Amino acid sequence: MECFSLLRSDVPAFIDHLGGFGEVVAPHSKGEVSYTFEVVKDSSQVILDYNRTLLPLKKMFLPPVETMLNFSLKDASFTPVEIEISPRLFFGVHSYEMQSILRLDHSMLSGKVESNYFRRRQSSRFVGISFHPDEFHFSESVGITIEEMEGFDLFLNEIEGDFQVYVLSKNGAALLKGFEYIESTNPEVIEGRSFKKKIRYHYNRLPRVFQYAYNSPIWAEVASRCVGCGACTLTCPTCFCFDVNDEVTVTAEDGMRQRSWDSCMLAAFAEVAGGENFREKTSNRTRHRLFRKFKYITDEEGLPWCVGCGRCTAFCPAGISLPDIVNELIGEDEKAQLPRSVRV
Amino acid sequence: MKPKVAFFDFTSCEGCQLNKLNLENDLLDILKHVDIVEFREAMDDKADHYDIAFIEGSISSPSCVERIHDIRRRSSFLVALGACAVSGGVNAMKNLHPIDQVRETVYGDDKYLFATLPAMAVSAVVKVDYEVRGCPMTQQDFLKLLIALVLGKQPQKYNSPVCVECKLKENECLYNRGMVCLGPITRGGCDAICPSFGQFCTGCRGILDNPNLSGMLDLMTNHGISLDEAKKRMLLFNANEVQL
Amino acid sequence: MKRLQDVESHEAVDLYFPTMCKVTGAKQITDMEKWYELEMPNGQSLGHSPGQFVEVSAFGIGEAPISVSSSPSKHSSFELCIRQVGMLTNVLKKYKQGDVLGIRGPFGKGYPMEKLFGKDILVVAGGIGLVPLRSLINYVLDNRKDFGRLIILYGAKTPSELLFQEELAEWTSRDDVELHITVDRGDASWKGHVGVITTLIPTLDLQTSTTIAAITGPPVMYKFVVMSLKSKQLPDDQIYLSLERRMKCGVGKCGHCQINGVYCCQDGPVFNYSDIKPLAEAL
């Protein structure tokens, strides 16, 4: 693997150089204490040390609100909204975020290929960056280390404030071409970056735990604290549910069909036209959310569909922690294996 | 023939009606679809029958009750406009106190001159077909309902929290700024306009169906306000809707 | 895991654009249900199999999943029958001959006809469950020699809610169809059977080894019908059910129709009972 050293002070110049490929999207500050992925206008505004963005990078491939077609009510006709394919480069992406895109690829491209996603996803490049886990990150517990480089073209590993740039693909090598402020070096092993938050079991033991967790009393306990705002699923990088609505303009002559992110945590998610609701209780919906992350797709693909970014936990106003729920299920599962006489 | 539309106000600040008058850009388009036949704030005409009657304000006196029955009898569809009409709104806070005490505070020695009732939603007195929520109702929401009625479709009912629209706009959560916001249990459809401008949600569009109120009170107190304060916040717009 | 590079760009066809179809016939057949006949543009055939559904789309209102009610053997047009229960379906009742409706689909898995050939077909339809099953029934009738007995159990709340009354009369008159109709509540002129649909099952004379059951009805019905059929010793894998969920996109993406880990719009709406028996959210 080719490796170069890059000074922190040269990173803005590096981002400007990458702009030669296409539009660059990178983390920026937002609000008082938050971050967001935005198109770079001024490379000095890009944030290199961030915990997590409010919305995942998914928003660049599946926008929160997207117009699918414009229609005319007069003659019941429509015009499709064309999606432009343009080269985009995503800079400063954490390993778990990259893994979430690879999982989304699977979800969107399996079965019928989601054409809008496919078009936006094509001709994209990814430049990763290492991070310092905070109290919410737990990606190591789902098999994703800080330096997991799958999916990236380049990866910036922080070493004592500056960076080592790993070249991970031909595309990555092409991106570096013509950039002068880098020097060839040997990759170093970095120690001391560790995760504070952990799931107690290795992820390959979780399918078994979930196999027996369906009727656990833990779902109702979590539901008693959950107020059903949907933040966990709306900020989840591997969630992709959406709803479709027609909006008509004031002239009542034309309008557009839009889709927007939806959440299986919302009460009306599984309700049908006749009024029947197939997941009426919050506890059922909480369970469905967790099973979507650790059981249903996991059974088929052998990987947790949670990447440990910690958003659902960090952004839950009620303070409900996903790793805590999983650890409680593990505890319950262990207890169930003890002889009846010693269970407390 | 265009549907005949009328606007009436009851106990309210008339802010919702003013909001409609501010629709300059869309006003001409609206008038293509409907004839406005009665609108005290904007015109003097009167009519005997209305296809759609829009009602603003809560019902809070015996004369209000009489008048709303009269309007209902002359209207094919009746729409409650804004928090006061939909649920009683802030007016309903008075229902939390003994009515005699309220009358004395407001009218002093003249209290016997003014008959008063608890502030009620319009739907507590007559059949309400549709509602536009919010304090004030948003112009967008009003237009959506009007267009839906013109097209003959059921207007959309919101039962998703404000948080949904807030998250989709990638706003920083106000809880992360040390505020206590009612977004998680408040009916959305407002495009999260308050949180988007840094103002916490006060619940003006009403509480969701089947809310987890005890969970919400815990959540609010965990963010540093007293239980008493948390309840007061919840009741501000929803004294008629929640029992605490 | 499926990778981006596994996908050829020609596979990325647009999933969400409707095909505009002309309404060639429309008739209100009960107080709540309206029947429509539609034609695809340029004489195309819809190409569905019995049990599949389409997303019906009216601009300005939205889309709803609707079962195809006609047999695939009818090529030139297809039929829908829509109960007016939601926002879209209430607007659709205004549609008449000559209007244009958007259609996406057909979607989902219908009845695996290859497994049904040569078998006795037991159709159990509750209420509007007859709509998708009519596609199966008419397919069997159009290819009558390929199947054994055709037994139809059909239950409605009241006699006035019975759908496709002309066809019911025709099926009654045929000697290669065994039709049993029941209503929950009769009226003055009703002389037929009264009672829930399961009351028709105990007296049936079934050859369990060669019978395939196809059940569609309101959610509450399935458990009881399956129980009755089980007491007739019908094996699980000879029972098919068509489930209703909120199939919003029809292509396995939007997530609304999930039954545990299974997408109703992809793996269903017609399921083999042995496949969904382990799913807690199914019945």
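This is a predicted model: local features need pLDDT of at least 70, side-chain atom pairs count only at pLDDT 80 or more; totals for chains, interfaces and linings use all residues.
Let's start inside chain B. Here five strands make up an open sheet with parallel pairing, and their order across the sheet is 2-1-3-4-5.

Strand 1 (residues 4-9) and strand 3 (residues 50-56) of chain B are joined in the parallel sense over five bridges. To find a bridge by eye, pick out Phe8(B): its bridge partner in strand 3 of chain B is Ile55(B).

Helix 6 (residues 139-151) of chain B lies across strand 1, strand 3, strand 4 (75-81) and strand 5 of chain B, and it runs at about 155 degrees to strand 5.

## Where chain A meets chain C

Next comes the interface of chain A and chain C. Contacts link 54 residues of chain A with 45 residues of chain C. The size of an interface is often given as the accessible area lost when the parts come together. For chain A and chain C, the buried area is about 4,300 Å², and carbon and sulfur atoms give 59% of it. Within chain A, the residues that lose the most area to chain C are Lys112(A), Arg257(A) and Phe278(A), together 14% of what that side buries.

Charged and polar groups take part as well. The rule finds six salt bridges across this interface. In one salt bridge, the side chain of Arg119(A) meets that of Asp14(C), at 3.1 Å from N to O. There are also 32 residue pairs in polar contact between chain A and chain C.

Which parts of chain A touch chain C? Elements that each supply at least two residues include helix 3 (115-121), strand 12 (254-261) and helix 8 (282-294). Helix 2 of chain A gives the most, with seven residues. Sorted by class, this side of chain A has 28 nonpolar, nine polar and 17 charged residues.

## Where chain C meets chain B

Finally, turn to chain C and chain B. Five residues of chain C are in contact with four residues of chain B. The two chains bury about 420 Å² between them, with 62% of it on carbon and sulfur atoms.

How many salt bridges are there between chain C and chain B? The count is zero, and the rule also finds zero residue pairs in polar contact across this interface. On the side of chain C that touches chain B, three residues are nonpolar, one is polar and one is charged.

Terms used. Residues are numbered from 1 along each chain as its sequence is written. Chains are lettered from A and ligands numbered from 1 in the order in which they are written. Side-chain values use heavy atoms; hydrogens and water are left out. Two strands pair if DSSP finds at least two bridges between them. Helices (H or I, at least four residues) and strands (E, at least two) are DSSP runs, numbered from the N terminus. Contact means heavy atoms within 4.5 Å. Axes are lines fitted to C-alpha atoms, for helices over the stretch in contact, and angles run from 0 to 180 degrees between N-to-C directions. Buried area is the accessible area (1.4 Å probe) that two parts lose on being put together, summed over both. A salt bridge is a side-chain nitrogen of Lys or Arg within 4 Å of a carboxyl oxygen of Asp or Glu. A polar contact is a pair of N or O atoms within 3.5 Å; within protein, one must be able to donate a hydrogen and the other to accept it, and residues adjacent in sequence count only if both atoms are side-chain atoms. Ala, Val, Leu, Ile, Met, Phe, Trp, Tyr, Cys and Pro count as nonpolar, Asp, Glu, Lys and Arg as charged, and the others, Gly among them, as polar.
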